[in-house]
Amino acid sequence: MLQFDRERREFLPDTSEAKGGFCPMDILTILNEEGINISNTKLSYHLKELKKNHLINLVKEGKRYFYLFNEDGLEVILSWVKNVMEE
């Protein structure tokens, strides 16, 4: 699993609703550190698609947006993977 120290994060969420969420700049930093070079435009597109398909949630705090995993959406994916593996 990717690790990213709190001290290195650009913005931290202030509310419990966004706790554990990441802002787009932190996501870009993590991806770049893992050798995945992606533009801000491409990241925005992929985040939009993940949100549209209920895999992540978007929480707004003032001018900042934080993305969090949607556990219900991930359960659907996990169930599908388990079914595929059993076949």
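What percentage of the 87 residues in the protein is buried? Buried residues make up 25% of them, where buried means under 20% relative accessible area, exposed over 50%, and partly exposed in between (1.4 Å probe, protein chains only). This is a predicted model, in which local features need pLDDT of at least 70 and side-chain atom pairs count only at pLDDT 80 or more, while totals for chains, interfaces and linings use all residues. Residues are numbered from 1 along each chain as its sequence is written, and side-chain values use heavy atoms, with hydrogens and water left out.

**View 1. Overall layout of the protein.** Three helices and two strands are present, and along the sequence they follow the pattern α-α-β-β-α. Helices (H or I, at least four residues) and strands (E, at least two) are DSSP runs, numbered from the N terminus. The accessible surface comes to about 7000 Å², and carbon and sulfur atoms hold 53% of it; areas come from the Shrake-Rupley method with a 1.4 Å probe, and for residues only the protein chains shown count as cover. Of the contacts (heavy atoms within 4.5 Å) with a separation of 6 or more, 37% are between residues 24 or more positions apart.

**View 2. Helix α1 and its cover.** Helix α1 spans residues 24-33, and its buried residues are D26, I27, L28, I30 and L31. The cover over these buried residues includes α2 and β2. N32 is also in α1, but it counts as partly exposed because its relative accessibility is 39%. Leaving aside neighbours within four places in sequence, N32 is in contact with N37 and I38. After α1 comes G35, with a positive phi near 85°.

View 3. E49 and K52 form a salt bridge, with their closest N and O atoms 3.4 Å apart. A salt bridge here is a side-chain nitrogen of Lys or Arg within 4 Å of a carboxyl oxygen of Asp or Glu, and the count by this rule is one. Both residues lie in α2 (residues 40-52), three residues apart, or about one turn of the helix. E49 is partly exposed because its relative accessible area is 23%, whereas K52 counts as exposed because its relative accessibility is 51%.

View 4. Strand β1 (residues 56-61) pairs with β2 in the antiparallel sense over six bridges; two strands pair if DSSP finds at least two bridges between them. E61 has R64 in β2 as its bridge partner. Two residues stand between the strands of this hairpin, and G62 takes a positive phi near 60°.

View 5. N70 lies in the loop between β2 (64-69) and α3. It counts as buried because its relative accessibility is 14%. The N70 side chain reaches the backbone oxygen of H54 at 2.9 Å. With neighbours within four places in sequence left aside, N70 is in contact with H54, L55, I56 and N57.

**View 6. A nonpolar surface patch.** I77, W80, V81, V84 and M85 form this patch, with about 510 Å² of accessible area together. Patches are made of residues with over 30% relative accessible area and no salt bridge; like charges are joined within 9 Å, and nonpolar side chains (Val, Leu, Ile, Met, Phe, Trp, Tyr) within 5 Å. V84 belongs to helix α3 (residues 71-86) and counts as partly exposed because its relative accessibility is 39%.

Methods
A polar contact is a pair of N or O atoms within 3.5 Å; within protein, one must be able to donate a hydrogen and the other to accept it, and residues adjacent in sequence count only if both atoms are side-chain atoms.
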